[in-house]
Amino acid sequence: MIAIRTVLSPVDFSPATARQVDVAAGLCDKFKARLVLHHNLSAMALGAGVGWMWAADHRPVSEETVQRHLDQLAESRTEIETETRITQGPSSVAVLAVSEAVGADLIVLSTHNMPPEDHASVTELVLGSGERSLLALHDSPVDEHSFRFDPSSDYRQVALVPTDLTRDSRAA
């Protein structure tokens, strides 16, 4: 069993972000851990990536705008220690670099319902590295379950079910 002292939550400001941050913050509150919110400003050219990150309506966002959004997310979590990080470069490399820099015990991120041929999944690349424990939340409408952490309970253990993120493994 690992001790959860630092949770990294790489956010993309998609509709899945709110649920992802709620779960990460709930874990941090329960385990008395700190939350690190991370956003990567990808430095790849527009033609280098496809899928949800590079939709036709995708527009570059300034670092100041991203910092403002991260600060708003952090300020809404007054019950836990929260910090923010912004990086540039390939997303999976950035997530792993930040996880190493902050000593993350757990990464909480959302998977997006894109077929593998559409893009290289950051979730799969981080999971494949084997460097950090990972809690991957399926994007809506695949999984609309919510996690609830009972504030009155004294438990501090979480059972995680390993999966390969394929359609067949969703029941797990």
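This is a short walk through one protein chain, from its overall layout to a few single residues.

The model is predicted, so please keep that in mind throughout. The chain has 172 residues, and 41% of them count as buried. Four helices and five strands make up its secondary structure. In sequence order the pattern is β-α-β-α-β-α-β-α-β. If you take the contacts between residues at least 6 apart in sequence, 80% of them join residues at least 24 apart.

Next, the nonpolar cores. The largest one has 23 residues, and the members that touch the most others are Val 7, Leu 27, Leu 35, Leu 37, Leu 106, Val 108 and Leu 135. At least two residues come from each of helix 1 (17-31), strand 2, helix 2 (63-75), strand 4 and strand 5 (133-138). Helix 1 gives the largest share, seven residues. There is also a second, separate core of eleven residues, with Val 36, Val 95, Leu 96 and Leu 109 among them. As background, nonpolar side chains in soluble globular proteins tend to be buried together.

Leaving out residues up to four places away in sequence, its contacts are Val 7, Leu 8, Ser 9, Pro 10, Gln 20, Val 23, Ala 24, Leu 27, Leu 135 and Leu 137.

Now helix 3. It covers residues 91-102, twelve in number, and spans 16 Å from first C-alpha to last, close to the 16 Å expected. Which of its residues are buried? They are Ser 91, Ser 92, Ala 94, Val 95, Leu 96, Val 98, Ser 99 and Val 102. The elements covering them include strand 1 (6-10), strand 2 (34-41), strand 3 (82-88), strand 4 (106-111) and helix 4 (122-129). Just past the end of helix 3 sits Gly 103, with a positive phi of about 65 degrees.

Let me stay with helix 4 as a partner of helix 3. Two packed helices are described by the angle between their axes and the distance between the axes. For this pair the angle is about 45 degrees and the axes are 9 Å apart. The two helices are therefore oblique to each other. The crossing of helix 3 over helix 4 is right-handed. On the helix 3 side the contact residues are Ser 91, Ser 92, Val 95 and Leu 96, and on the helix 4 side they are Val 122, Leu 125, Val 126 and Ser 129.

Last, some residues around helix 1. The loop between strand 1 and helix 1 holds Ala 16, and it also holds Phe 13. Are these buried or exposed? Ala 16 counts as buried because its relative accessibility is 7%, while Phe 13, at 30%, counts as partly exposed. Phe 13 has a positive phi, near 65 degrees, without being a glycine. Ala 16 lies 122 residues from His 138 in sequence, yet their C-alpha atoms are 8.7 Å apart in space.

Thr 17 belongs to helix 1. With a relative accessible area of 5%, Thr 17 is buried. Apart from residues up to four places away in sequence, Thr 17 touches Val 11, Asp 12 and Leu 73.

Lys 32 is not a glycine either, but has a positive phi of about 55 degrees. Its relative accessibility is 60%, so Lys 32 counts as exposed.

Notes. Residues are numbered from 1 along each chain as its sequence is written. This is a predicted model: local features need pLDDT of at least 70, side-chain atom pairs count only at pLDDT 80 or more; totals for chains, interfaces and linings use all residues. Side-chain values use heavy atoms; hydrogens and water are left out. The expected span of a helix is 1.5 Å times one less than its number of residues. Buried means under 20% relative accessible area, exposed over 50%, partly exposed in between (1.4 Å probe, protein chains only). Contact means heavy atoms within 4.5 Å. A nonpolar core is a set of buried Ala, Val, Leu, Ile, Met, Phe, Trp, Tyr and Cys residues joined through side-chain atoms within 4.5 Å. Axes are lines fitted to C-alpha atoms, for helices over the stretch in contact, and angles run from 0 to 180 degrees between N-to-C directions. Angles under 35 degrees count as roughly parallel, over 145 as roughly antiparallel, 65 to 115 as roughly perpendicular and the rest as oblique. A crossing is left-handed if the near helix is turned anticlockwise from the far one by less than a right angle, and right-handed if clockwise.
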